[in-house]
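Keep the viewer open and turn the model as you read.

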Amino acid sequence: MWGALLRRGVRGAGGLRCLSSGGPPWSQVVSEAEKIVGYPTSFMSLRCLLSDELSNIAMQVRKLVGTKHPLLDTARGFVYDSRNNLQMRGLVILLISKAAGPSTAELSFQHDMVSGIYSSQRSLAEITELIHTAFLVHRGIVNIGELKSCDGPLKDMQFGNKMAVLSGDFLLANACTSLAQLQNTKVVELISSAIGDLVQGIYYENSKSSEENCLTDDIGISRWKEQVFLSHSALLAKSCQAAMELAKHSAEIQDMAFQYGKHMSMSHKLHLDLQPFVKETSSDSIAFSLNSAPAILHQEFRGREAWLKQIREAQGKGNIVDYKKLQEAIKAGKGVTSAIDLCRCHGNRALAALERFPPSEARDALANIVYAATRFP
């Protein structure tokens, strides 16, 4: 089913090419897209990040240097991580705002546009990034009961948890304050529901993993997609819809923006899940989530009991998992190819949603993001 859709591709009046045509690498796509919207989105939340309050937090986080607290990795990512592009959500919101252009129903607002984007839409992009960043910081809380002596002193790890909670709350509070200043009830409702989806999605992710000896969830790909939508796609999808609402676009355009945000972020998540299985640069064992899409699809094809048996056979002394062995088992089955097909299926659906927008540089940039997210060696 997915393969057939992939082969058909998407081509409409605007001339979007099919996914099999390939495209430029991710870093080039982002760099070119940032020129279209007017400024680098890597500095999108700079006003907040350079505030006195967050500067004080940054000074406190320095105390964690030398430990293995995940809050340090999150902080480093804001500065050094260009591969995963933490500011992708804000960039997509700005691009889709420019692709849609001004609404014919609200011509009076056009004086407020800069580079084809309303100031309220730029504020929404910043709000979305702050919410995403807040949840990234909150994810950096460690389970004190599972710490090892090599992770760092207990008091430092406890301090890191407190900083993760407080700094994440600070970012979320700033986002909510800015959201209220948009003075649009529907937008507030959309983003509030997206925050609720994020909380629910993260709860689902952690509820099973907290159970003793539970390495993998007993779920199918349909359930996996529901959970991934909540934890990874809902914020971008609803923010894209909210951006159209701020410009007073029709319900149809709002839905197309929602569909693009949903399916593009789903394909991006699948792309990330597939990296340990498609990279050709290293022969070393790469740890991966046993609840990633390739593993879930492998379980569907092999059966739950056969998959658990493979996991047990890959466990050595101290229940240490040999990920290289599991990686080879999944690659030998249909999990990887099916995940690639599913990634491209969502990519095609994102491209189909873009067909409703008029041809433009911004629309091409949105399509290039899809091409990059569905590009494999």
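In which hand, left or right, does H6 pass H11? The crossing is right-handed. Please keep in mind throughout that this is a predicted model.

## The chain as a whole

Let us begin with the overall picture. The chain has 16 helices and 2 strands. Of its 377 residues, 50% count as buried. Among contacts between residues at least 6 apart in sequence, 79% join residues at least 24 apart.

## Where H6 meets H11

Back to the helix pair from the opening question. The axes of H6 and H11 come within 12 Å, and they cross at roughly 150 degrees. On the H6 side, Met 88, Val 92 and Ile 96 take part; they meet Ala 257, Tyr 260, Met 264 and His 268 in H11. The residues of this contact divide into 6 nonpolar, 1 polar and no charged.

## Two nonpolar cores

The largest nonpolar core has 63 residues. Those with the most contacts inside this core are Val 92, Leu 95, Leu 124, Ile 131, Tyr 260, Met 264 and Phe 357. What does Met 264 touch, leaving out residues up to four places away in sequence? The partners of Met 264 are Met 88, Val 92, Leu 236, Ala 350, Ile 369 and Val 370. As a general point, nonpolar side chains in soluble globular proteins tend to be buried together.

Val 228 sits in helix H10, which covers residues 221–246. Its relative accessibility is 5%, and because anything under 20% is called buried, Val 228 counts as buried. Not counting residues up to four places away in sequence, Val 228 touches Ser 233, Met 266 and Lys 269. Val 228 and Ala 293 are 65 residues apart in sequence, while their C-alpha atoms are 9.9 Å apart in space.

## H16, a largely enclosed helix

Now turn to helix H16, residues 361–373. At 1.5 Å a residue, its 13 residues should span 18 Å, and the end C-alpha atoms are 18 Å apart, so the two values agree. How many of the 13 residues of H16 are buried? The count is 11, so H16 is largely enclosed by the rest of the structure.

The buried residues are Ala 362, Arg 363, Ala 365, Leu 366, Ala 367, Asn 368, Ile 369, Val 370, Tyr 371, Ala 372 and Ala 373. Two of these names, Ile 369 and Val 370, are also among the residues that Met 264 touches. What covers the buried residues of H16 includes helix H2 (26–37), helix H6 (88–100), helix H11 (251–278) and helix H15 (335–354).

## Loops worth a look

Two loop residues have a backbone angle to check in the viewer. Gln 183 is found between helix H8 (154–181) and helix H9 (185–209). Phi of Gln 183 is near 55 degrees, a positive value in a residue other than glycine. Gln 183 has a relative accessible area of 73% and is exposed, because the cut-off for that term is over 50%. Lys 248, in the loop between H10 and H11, also has a positive phi, near 60 degrees, and is again a residue other than glycine. Is Lys 248 buried, exposed or partly exposed? At 33% relative accessibility, Lys 248 counts as partly exposed.

Pro 359 lies between H15 and H16 and is exposed, with a relative accessible area of 60%. Asp 217, by contrast, is in the loop between H9 and H10 and counts as buried, at 5% relative accessibility. Asp 217 and Arg 304 are 87 residues apart along the chain, with their C-alpha atoms separated by 9.7 Å.

Note on methods:
Residues are numbered from 1 along each chain as its sequence is written. This is a predicted model: local features need pLDDT of at least 70, side-chain atom pairs count only at pLDDT 80 or more; totals for chains, interfaces and linings use all residues. Side-chain values use heavy atoms; hydrogens and water are left out. A nonpolar core is a set of buried Ala, Val, Leu, Ile, Met, Phe, Trp, Tyr and Cys residues joined through side-chain atoms within 4.5 Å. Buried means under 20% relative accessible area, exposed over 50%, partly exposed in between (1.4 Å probe, protein chains only). Contact means heavy atoms within 4.5 Å. Helices (H or I, at least four residues) and strands (E, at least two) are DSSP runs, numbered from the N terminus. The expected span of a helix is 1.5 Å times one less than its number of residues. Axes are lines fitted to C-alpha atoms, for helices over the stretch in contact, and angles run from 0 to 180 degrees between N-to-C directions. A crossing is left-handed if the near helix is turned anticlockwise from the far one by less than a right angle, and right-handed if clockwise. Ala, Val, Leu, Ile, Met, Phe, Trp, Tyr, Cys and Pro count as nonpolar, Asp, Glu, Lys and Arg as charged, and the others, Gly among them, as polar.
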